[in-house]
Amino acid sequence: KTPPWQLRPRARRRCEDCAGDVPKLSQAGIAAWYRGDKWGRLSAAMPVSRLQFRILGPLAVRIDGTAVSIGGPKQRALLALLLLSANRVVSRDRLIGELFVEQGVNSADHALRNHVSRLRKVLSPAGGGGEPRIVARSPGYLLRVSPGELDLEAFEQARVARRDAVY
């Protein structure tokens, strides 16, 4: 497979009718195309799926309106703990203390890493190849939640708006 910039001039084809519609690739974009990345730098323009977290009522995660299976009870509890502290670091000690009190320290640490890994896989389709939702930050883990994705946040905003309207 020959990259476009190495083609001989007569082998290059131009499309005069569609030249305005075709985006120009930078050298890095062409290199990404050559490496087999079909979209190269243009992938950022693709739509990102919409993620919703519901913790008021039964715990639920929806991607583009479709319910997603979160996993077993420990994984669901881990997600709930991370959502209650959305966009803030939750320490490993707190997570282990809440989820794995009956296990030894080494076993609990290993189990926590496994559950975080599984939860990352559940949430990965929503990331669209961007940064992961769950990030390891000292001294624990942080769940990235964008504005409008968490129902608790919407509830708090509505409560504040009603309180301000009354007073």
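**View 1. His 115 sits in helix α4 of this predicted model.** The helix covers residues 105–127. His 115 has a relative accessible area of 14%. Buried means under 20%, so His 115 counts as buried. Its contacts include Lys 74 and Gln 75. Leu 78 and Phe 100 touch His 115 too. Residues up to four places away in sequence are left out of this list.

**View 2. Strands β1, β2 and β3 form an open sheet.** Their order is β1-β2-β3, and the pairing is antiparallel. The edge strands are β1 (51–54) and β3 (66–68). Each of these edge strands pairs on one side only. From one strand to the next, the twist averages 30 degrees.

**View 3. Strand β1 pairs with strand β2.** Strand β2 spans residues 60–63. The two strands are antiparallel and share 4 bridges. Phe 53 has Val 61 in β2 as its bridge partner.

**View 4. A second open sheet has the order β4-β6-β5.** It holds 3 strands with antiparallel pairing. Strands β4 (89–91) and β5 (134–137) are at the edges, and each pairs on one side only. Neighbouring strands are turned by 30 degrees on average, direction ignored. Strand β6 covers residues 140–143 and is joined to β5 by 4 bridges. Here Ile 134 has Leu 143 in β6 as its bridge partner.

**View 5. Helices α2 and α3 lie across strands β4 and β6.** Helix α2 (residues 73–84) also lies across β5. Helix α2 runs at about 75 degrees to β6. Helix α3 (residues 92–99) runs at about 60 degrees to β4.

Notes: Residues are numbered from 1 along each chain as its sequence is written. This is a predicted model: local features need pLDDT of at least 70, side-chain atom pairs count only at pLDDT 80 or more; totals for chains, interfaces and linings use all residues. Side-chain values use heavy atoms; hydrogens and water are left out. Two strands pair if DSSP finds at least two bridges between them. Axes are lines fitted to C-alpha atoms, for helices over the stretch in contact, and angles run from 0 to 180 degrees between N-to-C directions. Buried means under 20% relative accessible area, exposed over 50%, partly exposed in between (1.4 Å probe, protein chains only). Contact means heavy atoms within 4.5 Å.
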